[in-house]
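My entries follow the structure.

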Amino acid sequence: MQRTTERQTQSWESALSGLERVREAAQRDKEARFTNLLTHVTYELLMASYNSLRKNAAPGVDGVTWGQYEERAETRLRELHEEVHKGTYRAQPSKRTYIPKADGKQRPLGIASLEDKIVQHAVCKVLEAVYETDFMGFSYGFRPGRSQHQALDALWVGLMNHKVNWILDVDIRGYFDNVSHEWLMKIIGHRIADPRIQRLIRKWLRAGVSEGGEWSRTEKGTPQGAAASPLLANVYLHYVFDLWANQWRKKKAGGEVIIIRYVDDIVVGFQNKDEAEGFLKELEERLKKFGLELNPEKTRLIEFGRFAASNRQERKQGKPETFDFLGFTHICSETREGKRYIVKRVTIAKRMTAKLKEMKETLKRNRHKPVEELGEWLNRVVRGYFNYHAVPGNSFKLSAFRKLLVRIWYKALKMRGQRSRMNWKRFGPLADYWIPKAHILHPYPSVRFYARHPKQEPYAVMPHVRICAGGGYE
């Protein structure tokens with residue numbers, strides 16, 4: 001057993017070494033096209049991909065769960081490895097499911113079968129070795145070592161430290177559902193010339209969707225929920241938006257421009273209004289060329305920044321407009337002393353309301369369970385909520401969330417029945433014990449941003465930061 005483990009460890013280290021060589025080659029030659037990438041999709045990489053999957057995830061159309069697959073995992077993965085390399089592997093359709101959105105609508109998700117998840121995860125690890133050397137510094141979504149809070153930090157630093165007077169809040173209509181398969185494969189071909197990898201990607205795109213036992217073809221789009229979807233979506237917008245926007249900024253912008261993109265959530269800040277309007281017009285034409293379009297109801301150009309409040313007051317237009325990004329509403333504000341401008345971030349009201357409604361329904365269904373069980377569940381959920389939303393300036397919203405949740409739980413427990421009627425004297429200590437108090441958990445964005453991107457050479461662990469590129473490094 002020990003020898004087997006040692007052999008697997010050595011093989012895994014060899015696989016990582018191979019991917020590192022791919023990364024170095026991609027970094028060295030930005031025009032290189034890779035013709036033999038499938039060799040890096042090894043049995044060890046498939047095993048690592050299998051072990052990285054969520055063990056309690058919902059099964060796809062095959063109905064196979066992680067635990068069921070584990071019974072013969074080694075044999076099955078060797079057979080899967082052989083199928084992938086012989087070209088006999090077939091992708092199964094995604095199982096369509098829906099999750100509620102904050103606005104009350106339903107978001108469609110595609111649940112891939114277990115073996116499709118494994119292969120997609122492994123192939124994406126290989127593709128990441130190439131594309132992570134190409135992606136721009138202002139691209140943050142679903143990339144290794146990057147997070148939503150890093151994107152939020154970069155945006156805040158850009159808004160505070162640069163001459164930003166106008167914000168373009170970009171919304172691409174149904175992005176994941178409208179990615180052109182034809183254009184995507186052309187874009188993939190710029191770097192990936194291995195026909196076997198290209199064939200695998202085509203299989204995933206054409207596998208279709210199964211809903212209620214009925215199969216339907218997918219002519220365009222990448223199914224949300226599939227392991228390969230975030231990477232393919234990033235690659236598409238890297239060529240469609242990132243490279244174009246970066247060139248536009250360098251060649252056409254006279255004032256400062258900051259860019260932040262988290263997959264299809266895009267915010268662009270401008271010093272000059274006329275340049276913002278010109279960018280928006282050209283962006284519409286650019287997206288149209290690649291089968292995409294802006295959502296006119298959600299895409300907005302607003303005055304925002306250090307002088308927005310005073311400028312709008314002079315024109316008697318009221319307070320500056322706000323914009324939402326990654327769960328937070330961004331507001332032109334002042335410090336408590338009113339001495340200087342600051343960008344304040346608070347939880348989007350609709351998101352908080354939707355979360356409270358979801359928890360209310362869950363408590364209502366489970367109110368007869370033991371108080372300790374409900375308390376443990378609430379503790380986990382609230383801690384997770386605070387871990388994301390507890391940013392400086394958001395204390396009021398956090399306290400309001402906790403206060404409203406305490407009331408909801410109190411009402412749910414009071415409905416248990418007359419004999420065990422809950423009163424506040426009994427409930428207060430329970431709420432204090434189980435539901436965490438609201439505390440700020442994140443540092444100021446500039447502190448974390450500059451810790452990650454130090455400016456001083458030669459001690460910087462990363463190249464000098466170009467904040468105008470949205471806080472990334474290039």
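**Entries: patch and strands**

I looked up K403 and found it exposed, because its relative accessibility is 52% (exposed means over 50%, buried under 20%, partly exposed in between, with a 1.4 Å probe and protein chains only). The model is predicted, so I noted that local features need pLDDT of at least 70, side-chain atom pairs count only at pLDDT 80 or more, and totals for chains, interfaces and linings use all residues. Residues are numbered from 1 along each chain as its sequence is written, and side-chain values use heavy atoms, without hydrogens and water.

K403 lies in helix 15 (helices are DSSP runs of H or I with at least four residues, strands are E runs of at least two, numbered from the N terminus). I then listed the positive surface patch: K360, K364, K403, R407, K411 and K414. Helix 13 (349-365) and helix 15 (395-414) each give two or more residues to the positive patch. Helix 15 has the largest share, with four residues. A patch takes residues with over 30% relative accessible area and no salt bridge, joining like charges within 9 Å and nonpolar side chains (Val, Leu, Ile, Met, Phe, Trp, Tyr) within 5 Å. A salt bridge is a side-chain nitrogen of Lys or Arg within 4 Å of a carboxyl oxygen of Asp or Glu.

Next I turned to the strands. Strand 9 (residues 323-325) and strand 10 (residues 328-334) are antiparallel and share three bridges (pairing needs at least two DSSP bridges). F325 has F328 in strand 10 as its bridge partner. Their hairpin has two residues between the strands, and L326 there takes a positive phi near 50°. Strand 10 also runs antiparallel to strand 11 (residues 341-347), with seven bridges. I found T329 opposite V346 of strand 11.

Key
Areas by Shrake-Rupley, 256 points an atom, 1.4 Å probe, with all protein chains shown as cover. Lys, Arg positive; Asp, Glu negative; His and termini not counted. Charge placed at Lys NZ, Arg CZ, Asp CG, Glu CD.
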